[in-house]
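Biologist: Please show me the model. I have a few questions about where its residues sit.

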Amino acid sequence: MSKPKLHFDVLNSADDSLKLNIVLENSTDTELKDFVLCFDMPRFIDKQTVVNGHVTSQVGSHIEMAPPVNTAIGKGERWQTTIESQTCGLFNLSERPNHPYLRLGETIVDVEMGTHKMSQPEDLDLRVLTLPAASSGVIPQPQSIEPAEGEFRLANQVTFNAEWPETRNAIDWFSNQFPEVTFAKSRR
């Protein structure tokens, strides 16, 4: 038996907004009516902007939508809705509507993923990521650092001059990174 198919088109995928066309195609031999379309997508849907349907529930990334009352989709027909989210756009297929199914009363009907119109990596505007200047990963931050060529070798025994009990976690982490080195705390 054929399954219904879920298709989607990304209409807008900006840094601060998303607009999708979602199309449910009835590929089955029976009419679909009184159904709820369920899927997962990590975006909060703006319920006021839904066109030709409504969000019946959204818990986390699980979204449930229904078409207008008395909507029936015959064999080969489609129901289309548009949704918007005031969150970032979709940039990965893993963020698209996933794991779709229909709930028809107590019956669950699997929905197959259909086609999509979503920008692919070669189409994306992958802006140059500007990072802040590199700084030391040492806490507390040193007053100055002078980068130099070469390497730093730890002695077989390293002594930490630490006065606070909170530094114990840092010393434990450091000793786990270099198990061949013995670490000791100096006594002042």
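Biologist: Does glutamate 64 count as buried or exposed?

Modeller: This is a predicted model, and glutamate 64 lies in strand 6. Its relative accessibility is 11%. Buried means under 20%, so glutamate 64 counts as buried.

Biologist: Which side chain does the side chain of glutamate 64 join in a polar contact?

Modeller: Leaving aside neighbours within four places in sequence, glutamate 64 is in contact with residues including Leu37, Cys38, His54 and Arg103. The polar contact is 3.1 Å, and the partner of glutamate 64 in it is histidine 62.

Biologist: How many Å apart in space are glutamate 64 and aspartate 40, C-alpha to C-alpha?

Modeller: In sequence, glutamate 64 and aspartate 40 are 24 residues apart. In space, the C-alpha to C-alpha value is 8.7 Å.

Biologist: Which residue has its backbone oxygen 2.6 Å from a polar atom of the side chain of threonine 81?

Modeller: Threonine 81 is in strand 8, and counts as buried because its relative accessibility is 1%. Beyond four places in sequence, its contacts include Leu20, Val50, Val51 and Met65. The backbone oxygen at 2.6 Å belongs to valine 51.

Definitions and conventions
Residues are numbered from 1 along each chain as its sequence is written. This is a predicted model: local features need pLDDT of at least 70, side-chain atom pairs count only at pLDDT 80 or more; totals for chains, interfaces and linings use all residues. Side-chain values use heavy atoms; hydrogens and water are left out. Helices (H or I, at least four residues) and strands (E, at least two) are DSSP runs, numbered from the N terminus. Buried means under 20% relative accessible area, exposed over 50%, partly exposed in between (1.4 Å probe, protein chains only). Contact means heavy atoms within 4.5 Å. A polar contact is a pair of N or O atoms within 3.5 Å; within protein, one must be able to donate a hydrogen and the other to accept it, and residues adjacent in sequence count only if both atoms are side-chain atoms.
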